[in-house]
Amino acid sequence: MKELPLSKVYQLLEPGPVVLLTTARKGRANVMTMSWHMMVEFEPPLVACIVSSANHSFAALRSTGECVIAVPALELAPKVVKVGNCSGRDLDKFMAFGLTPIPAARVAPPLVAECFANLECKVADTSLVKRYNLFVLEVLKAWRDPAQKNPKTIHHQGYGKFIVDGETIKLKSRMR
């Protein structure tokens, strides 16, 4: 074994695909890029995510208690990075980056048409927001685009480096 710098730990345990998080406040939708999230329960599906208090989306999520987690495929990677490199305070990111908002069924924030999956969420727990900016979200409704076959997701490795989903394997499991 060789010692690994602590700054590299994130690359080993990255939480999953880079996603887009949409919010809506005062009649205005916003979208941000997010890579700090994880599943915390199967049913009802609960997702924990970190949204920095410095992000424009933080205030909207905190005040409305609603969002959409949209899962982009590899083809959207350039737009996903651009969305993450600017603030919704200054820009309508849907318009600026050619993303199509679609009305959601259960929440005010829109789905993202170009993403292969969209999860309508409500905030279920804010007990760790003050300390860690960690929201626990309950997925109320989930959508999948059947036209996008076998989408590959991107995974953040830090400092502009990403990896792409690899080969899928199936192993015997007792999970349903």
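What is the volume of the largest pocket? About 510 Å³. The model is predicted.

## Overall fold

The chain has five helices and 11 strands. Its C-alpha atoms fill a box of roughly 55 × 35 × 30 Å along the principal axes. The radius of gyration is 16 Å, which agrees with the value near 16 Å for a compact globule of 176 residues.

Buried residues account for 39% of the 176 residues. Contacts across the sequence are also counted. Of the contacts with a separation of 6 or more, 59% join residues 24 or more positions apart.

## The largest pocket

The largest pocket, at about 510 Å³, is lined by 26 residues. Met-32, Thr-33, Met-34, Asn-55 and Gly-84 are the closest of these to its centre.

Which elements each supply at least two residues of this lining? They are β2 (28–34), α2 (56–64) and α3 (77–84). Strand β2 gives the most, with four residues. By class, the lining of the largest pocket holds 11 nonpolar, 13 polar and two charged residues.

## The second largest pocket

Three strands are named here: β3 (37–41), β5 (66–71) and β9 (134–144) each supply at least two lining residues. Strand β3 gives the most to this lining, with three residues. How does the lining of the second largest pocket divide by class, and how many of its residues are charged? There are 12 nonpolar residues, one polar and no charged.

## The salt bridge

The structure holds one salt bridge. Lys-122 forms it with Glu-138, and the closest N and O atoms are 4.0 Å apart. The pair links distant parts of the chain, with the two residues 16 positions apart. Lys-122 sits in strand β8 (residues 117–128), and Glu-138 in strand β9. Strand β9 also supplies at least two residues of the lining of the second largest pocket.

Definitions and conventions
Residues are numbered from 1 along each chain as its sequence is written. This is a predicted model: local features need pLDDT of at least 70, side-chain atom pairs count only at pLDDT 80 or more; totals for chains, interfaces and linings use all residues. Side-chain values use heavy atoms; hydrogens and water are left out. On a 1 Å grid over the protein atoms alone, a cavity is a set of points where a 1.4 Å probe fits but cannot get out, and a pocket is an open set with protein on both sides within 12 Å along at least five of seven lines; lining residues have an atom within 4 Å of a point. Grid points are joined across faces, edges and corners, and a volume is the space filled by probe spheres set on the points. Ala, Val, Leu, Ile, Met, Phe, Trp, Tyr, Cys and Pro count as nonpolar, Asp, Glu, Lys and Arg as charged, and the others, Gly among them, as polar. A salt bridge is a side-chain nitrogen of Lys or Arg within 4 Å of a carboxyl oxygen of Asp or Glu. The radius of gyration is taken over C-alpha atoms; the globule rule is 2.2 Å times the number of residues to the power 0.38. Buried means under 20% relative accessible area, exposed over 50%, partly exposed in between (1.4 Å probe, protein chains only). Contact means heavy atoms within 4.5 Å.
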